[in-house]
Every structure is written in structure tokens, then in C-alpha cells.
Amino acid sequence: MTEITGATILLENVTKSYGAKKAAVNQLTLEIPAGKTVMFVGPSGCGKTTTLKMINRLIEPTSGRIVINGEDVTTMNGDELRRRIGYVIQAGGLLPHLTVGANVGLVPKMLKWDKQRIADRTDELLELVSLDPEIYRDRYPKELSGGQQQRVGVARALAADPPVLLMDEPFGAVDPITRQRLQEELIHVQAELHKTIVFVTHDFDEAVKLGDWIVIFNEGGKIEQYGTPEQILAHPANEFVEDFIGSGAGLKQLGLTRVRDVDIRQAPAFTVGEDAATAVAHMNEAGVLRAIVLDSRDRPIGWVTRRQLERMTTVGAAHARQFPVVSDSATLDDALDTMLVAGSSDAAVTGSRGAYQGIITVQTVIKAIDHISADPEEVSTPVGHNTGAIPKLATGENGVISYAMDEEETATEVENDSAPWAEHSDPAETHRGSERA
């Protein structure tokens, strides 16, 4: 099992008020599990960004506590806290007068790491976010595309190996294609590192794609529903959640299954420069008419037919227009869209660092749709409410802390209609809500 490097976060009865105005966040108690990605969604002005910024105290809570891995951080030095938490905003927030390498190494330098350690860590992280250090390390932000700047921003946030990564609509300012690639890159990074990620977005589809858990906020930081993407799509807690999800909830379930979870077929693949006659022999043996062409780093760059290879001495570069490529962390929704746009019935699948894994077909996606369950698996939901009740430490095994509500307190809250799920008139719905607590 991969080691969890993230930390549990607990916002304990947190309120943020501005003078006599209505509280921006009111009596919020929220547990964010270690090593998970928790998405904050909701309409503008609902308090999700305020909540995010209170975690690293860019905004100070009016009352309540913020506890990270059992430590109350509301009393510690704010600058010290922020050096222990990664933070990513739109466009990366890079310093324009510093090189990419200097931007990534900024926090380690503040922490007085030695130069060689900073240099090694910088190169390691640039590789992690799929930017070749030899090419990008000495460039300046203005020499990068928006997507590349965002990747550098993620690398910088991870530089000091923080347990917590806060992301405030980081992909909101890039085009849809770049956004999809950045989302997939984040999924790969999280699969390797298992940090605790808190991610603010307005895009519910993005929340479904990236989140292990989703918190849907209403005005005043009120939690309308806290659950897995599967739970929320299958059983919206109330009319507000239904409206926020919008139409097409069934189709959104395509976003719950990833390419790596379905059958990936193997197809012949040859690297540029390989002997063409040998490649043809392999294709004849496999009984196929075309194969994938890979670059020197095993990344797919196009198709080549057997007839084309028969006219070559060595396998040549084959950069096909609209050559469909999807990451194994992409959703089936993304995969289907990529194939349809390219007018293809299949697409090459890549894994970590863009390495070739195989191919996925339209038929595979259609087959998978039949197996998408409308009834999600029951799981224990982290604590999340606005009732003022304080959860108790539940476990601390293997250094991973979690919290739970006292059973008697939970029962009282439901009886008094003070919990968010108590608005249901259906007793079965109320029962589901109490299980979420």
C-alpha cells in the first residue's frame, strides 16, 4: 500500500464574520481526510474560498479552531504555517523576474536548504509535472504557455514536501484542452504522493473528475452535502444540490470511471529509428494493419500502416493530425470526447510521464456504460456540518488521524432538525444522512 504523506485537517466550529454583516462562514465543522482530494464547490459568495484561505490563515477565522494532524495551527506563526502548506492559484502566481528553477526552489531556500538539495528537488518536481528540467529549468515565466506556468506552480507548491496542498481554482484561466491535461497531470501526481489536497472550483464536472470527496456549500459556508462523487450523483441531498449538479447526472457518471479501470488493449508499438522490416514482421505476426509510433521517451506520436513501413528502412516519425491520445487517469467521458473529436474509433493510452500503455476503443467505453452502478458503495463519510457539535478524535493508527461524531450527539441533532440532512421528509433519506455523519 502506498504511504499517505498528507495530513488530516479539522475545521472545528469555524466562523468568519466581517463586522455586523452576515457571517461569510458560520459554525463550520469539517474534516478533510489525510491523503485525499476534497473539492469545495458552490455558488459565488458561498464561502468556499474563504474556508480554503482560513486553512493557511491568509484569512484569520473570527472564532473556532483549525487543527492539522492533531496540532492547533490557529495559535502558531502564520508565516511558519504557510511554509508548511503548498498553495496554488490561477496562472501559477510565479514571480516573473525569477527563472522556473528559482521559482520552484523559493520555499526550500527560505527554509535554508543547501543549494544541491534545492537543485535536485527542483529537477525531481519538474520531471514529476512532465516538464524536462534541461529545457525548462532556466526559462522565465513569460517564456512558458499558460499550462506550463500552472505546472510550475504545482511543482513550487510541492517543493518543501508539504503534507497539505491548497488549490484555488488553479485551472480556471486556461483553455479546455490544457485544462483537461492539467487535471490528468494532477491525478498522476496525487497517485504518486498521496497529499491532502483541498481544491476550490466552480465546475462540478471538475469536482467529479478530481475529487475523492466533494463538499457542496451554500451561502454562509453551509454544507448542503458532503460525500463521494458517486453518492452525490446517485442521491442528491436536496433540491439545492440537484439544481447545482444540473441536468445530465446520468452522463456525468461517465466521469466516475477512469480509462485505467477498463480493458486497455495492447497494440504493436515501435520507436522512431527501429528497423522497419522487423516492425513489419511483428505486425504480420499480430495480424494488424497499423501500429503506434513512439518517440525516444516511449510517448505515442502517431499511427503508421504496414504499407508505409514497407517503404521505410527505419521507423520514421508519424505526427498525425488530431492523433487521439488519452491519459489512463482520464475519465471515460474525456476518452469518448477525444475519440469523437478526432473522428477515430480508438485512442492511444498513456500513463505516468506520458508513456504508452495501449489503446482504448469506443466499444470499450460503450460496454463500460452498462456496468456503471446507480447505487454507490456505502462508505463512512468524514465529519461535516454547521451545528456547533464538536467531533472527537476517532483513531490515530499509523499516524493517520480521523474524527467522528458522538452517536448520542448525532441522534440529537437529527431529532432537532439541526443537521443539513434533516430537511428530508423521507425517513429513509434521514437515515442516509445520519450514516454520513
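Biologist: What covers the buried residues of H7?
Modeller: This is a predicted model, to be clear. The cover on the buried residues of H7 includes strand E6 (85–88), helix H3 (100–104), helix H5 (115–128) and helix H6 (133–136). E7 and H8 are also among the elements covering them.

Biologist: How many residues of H7 are buried?
Modeller: H7 is mostly covered, with 11 of its 12 residues buried. Among them are Gln-150, Arg-151, Val-152 and Arg-156.

Biologist: And how far does H7 reach, first C-alpha to last?
Modeller: H7 spans residues 146–157 and reaches 17 Å. That is close to the 16 Å expected at 1.5 Å a residue.

Biologist: Let's move to Pro-170. Where is it found?
Modeller: Pro-170 sits in the loop between strand E7 (164–168) and helix H8 (176–193).

Biologist: Is Pro-170 buried or exposed?
Modeller: Buried, because its relative accessible area is 0%.

Biologist: What is Pro-170 in contact with, leaving aside neighbours within four places in sequence?
Modeller: Val-88, Ile-89, Gln-90, Ala-91, Gln-150, Phe-199 and Val-200. Gln-150 is also one of the buried residues of H7. Val-88 is 82 residues from Pro-170 in sequence, yet their C-alphas are 6.2 Å apart in space.

Biologist: New topic, aromatics. How many pairs in the whole structure?
Modeller: A search finds five aromatic pairs. One of them is Phe-204 with Phe-244: the ring centres are 6.2 Å apart and the planes are at 90°, so the pair is edge-to-face.

Biologist: Which parts does that pair tie together?
Modeller: Phe-204 is in helix H9 (residues 204–210) and Phe-244 is in helix H11 (residues 239–245), so the pair links parts 40 residues apart in sequence. Phe-204 counts as buried because its relative accessibility is 5%. Phe-244 counts as partly exposed, at 21%.

Biologist: What about Trp-303 and Phe-323?
Modeller: They form an edge-to-face pair, 5.9 Å centre to centre, with 90° between the planes. Trp-303 lies in strand E13 (residues 300–305), and Phe-323 in the loop between helix H14 (306–310) and strand E14 (325–327). Both residues are buried.

Biologist: What lies over the face of Trp-303?
Modeller: Arg-290, at 3.7 Å from the ring centre. Elsewhere, the charged end of Lys-16 sits over the ring of Tyr-18, 5.0 Å from its centre.

Biologist: Last one. How do E9 and E10 run, parallel or antiparallel?
Modeller: Antiparallel, with five bridges joining them. They form a hairpin with three residues between the strands. Gly-220 in the turn has a positive phi of about 80°. Asn-218 stands opposite Lys-222 in E10. E10 itself is mostly covered, with five of its six residues buried.

Technical notes:
Residues are numbered from 1 along each chain as its sequence is written. This is a predicted model: local features need pLDDT of at least 70, side-chain atom pairs count only at pLDDT 80 or more; totals for chains, interfaces and linings use all residues. Side-chain values use heavy atoms; hydrogens and water are left out. Buried means under 20% relative accessible area, exposed over 50%, partly exposed in between (1.4 Å probe, protein chains only). Helices (H or I, at least four residues) and strands (E, at least two) are DSSP runs, numbered from the N terminus. Two strands pair if DSSP finds at least two bridges between them. Contact means heavy atoms within 4.5 Å. The expected span of a helix is 1.5 Å times one less than its number of residues. Rings of Phe, Tyr and Trp (its six-membered ring) pair if their centres lie within 6.5 Å; planes under 30 degrees apart count as stacked, over 60 as edge-to-face and the rest as tilted. A charge sits over a ring if NZ of Lys or CZ of Arg is within 6 Å of the ring centre and within 35 degrees of the ring normal.
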